Amino acid sequence: MLTETSSLSGSDSGHPDSCYSSSSLDRAIALAKIRLLGLQNHDGYWVFELEADCTIPAEYILMMHYMAEIDKPLQAKIANFLRGKQSDDGGYPLYTGGEGDISCTIKAYYAMKLAGDSPDAAHMRRARVWILARGGAAKANVFTRIMLAMFEQVPWRATPFIPVEIMLLPNWFPFHIDKVSYWSRTVMVPLSILCSYKVKARNPLKIGIAELFVIPAERETEYFSHVKTRLGKAILVLDRIGRLMEPLIPAFVRRKATAKAQDWFMARLNAYDGLGAIFTAMVNAYEAMDYLGLPADNQQRQIARAAIDGLLVVKDDQAYCQPCVSPIWDTGLAVLALQEVDRYDHDRKSQYAVKTALRWLAARQLSDEPGDWRVQRPGLAGGGWAFQFGNSYYPDVDDTAVVAYAMMQADTPEFADNIQRAAGWIAGMQSADGGYGAFDADNTHYYLNQIPFADHGALLDPPTADVSGRCVMLLGKLGLRQLEYSDVVDSCVAYLRKQQESDGCWFGRWGSNYIYGTWSVLSGFENAGIDRHDPAIRKAVVWLKSKQRIDGGWGEGNAGYHDSSIRGEFDSSSAFHTSLALLALLSAGENGCPEVESGVAYLLKTQRADGFWRDDGFNAPGFPKFFYLKYHGYDKFFPLWALGRYRNESER
């Protein structure tokens, strides 16, 4: 807890520990709201850039050379982006300020070399020295080694055995495509074709990276030295046996499996939004279509390429590629912020913006479309929303909860059917332990994280506290009026109680990190009507207050995913984490406490002249420990939301 807050005083706001006036709070809110409204698309949605590490833009260059479809001006801009992201020590981190990652650095080096950068250039030398000092390119992760095998830089024995025959395995088999997460299956199915046929990149310039190996790639024997567990080693033995037996697979079986894999991913191509609406799956599908003989003028192939190019962010002197886009998520959260700000006001412009946004969202609700989630819930009626503009096979439980909650807050009969369909779908997607995964129910075959392909540790989509907290937020509020959801809410609350950490916080799977998770759960508890004096809530409040920084803000980096002892801590505050902490504390009834006052003061003093805030850090994981994201909207709508909630609580 802060000890210096008593020095922050002397205002006319009615709060002795704040250093701002009510008029300054109103001005800050008004300015941020105007700016946010100005960024709304004329169709009604908001969408902000979604930035990942340099792996994705590097892979875009690699794709161009794989296919021999090289756009030199675009390549030059992406290479310029990559050069600007290198750390001083030569490595490439997975998030701003993080330690270098060997796989990301290898891909960035290879992409820049393909783009024409000389290996003798200073930045290339630094990257090469950094890579070699950490064991060389043989230490790259599985996805990077598969790419290197396709570019003929490592032998195929350096990669896990991913036969396309996995498509023929029965449901009861220990591995089945439906037992892994949606992102894993959309990546894996087209990739299994590329790996089974050992497809080679065209690589028209014949550029390689032999200089990145400590031991020549053909002589290297320790490609799987990272496998340490007994189960992992046993599975690795089976992997090697499978590779030895591969020549015995009858040709007709391989043809049948290939056809099934092709039919599977072609059915899910998702038009201009792409397979799974995620970059890696889209690229694998595009390259597989090429190998399978779909000509360059084939309409589906052209659309698949256009979907990939739709992820580009191109500026005057640089460009990068997003892993996906986030319009449903951004729009839902922006609406929640505006609804909070205008809870007691009647701003016609804002109300029109919210209504336009909700109508845009309503038109994108999924219903009877086919979806992989139906494997686990075949009798459940649809009603979810995706994360992206379009992704009908993969609605997102988290997005659905946010959007339906925003519609519920609109308090109009217009969206009553949307809300009920969404709530029914979410209730039916509950896992056996009471929690919620993001895209599937009961996706908990944890042993599969031991297979060689899963060295990123994110093959599955199990229930998590943050998604579960938002489901309680929606169903809890509905359950106060509709008893049909009470058992679902009770079960989820029991799950969340079990997930609380010993110090009082909750883990954040989809946002960085424990402050995010704690906000999600406390918001859910509030809407479920759990008493604010509940021991779990009080323990969380104590934890949040203990993590406030001396400047009044809160901050949390991604290092906590690697070392949980530093959870909720960082070397600087951010508008995003300060906003989450404030929203969490306000959900717990802490309005007026010194910590809240100081947090509000922090947001007011860090607001920029343009009305927004600026956080430089990455604020969410794609896969904890392996892949991180920066939502460019988080430092725009979350502070507005927090200030609006604070003002509303203060004026009650």
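**Salt bridges, buried and partly exposed**

Arg 254 and Glu 246 are both buried. In this predicted model, their side chains meet in a salt bridge, with 3.0 Å from N to O. Both residues count as buried because each has under 20% relative accessible area. Side chains of opposite charge can pair when their charged atoms come close.

Next, take Arg 359. Its partner in a salt bridge is Glu 414, and the closest N and O atoms are 2.7 Å apart. This pair links distant parts of the chain, 55 residues apart. Arg 359 sits in helix 13 (residues 348-362). Glu 414 lies in the loop between helix 14 (397-410) and helix 15 (416-428). Arg 359 has 44% relative accessibility, so it counts as partly exposed. Glu 414, at 38%, is partly exposed too.

Now move to Arg 35. Its side chain meets that of Asp 610 in a salt bridge, at 3.9 Å from N to O. How accessible is Arg 35? Its relative accessible area is 29%, so Arg 35 is partly exposed. Asp 610 has a relative accessible area of 31%, and is partly exposed as well.

Salt bridges also join into a network. Its members are Glu 69, Arg 202, Asp 290, Arg 301, Arg 305 and Asp 309. Across the whole structure, a search finds 39 salt bridges.

Technical notes. Residues are numbered from 1 along each chain as its sequence is written. This is a predicted model: local features need pLDDT of at least 70, side-chain atom pairs count only at pLDDT 80 or more; totals for chains, interfaces and linings use all residues. Side-chain values use heavy atoms; hydrogens and water are left out. A salt bridge is a side-chain nitrogen of Lys or Arg within 4 Å of a carboxyl oxygen of Asp or Glu. Buried means under 20% relative accessible area, exposed over 50%, partly exposed in between (1.4 Å probe, protein chains only). Helices (H or I, at least four residues) and strands (E, at least two) are DSSP runs, numbered from the N terminus.
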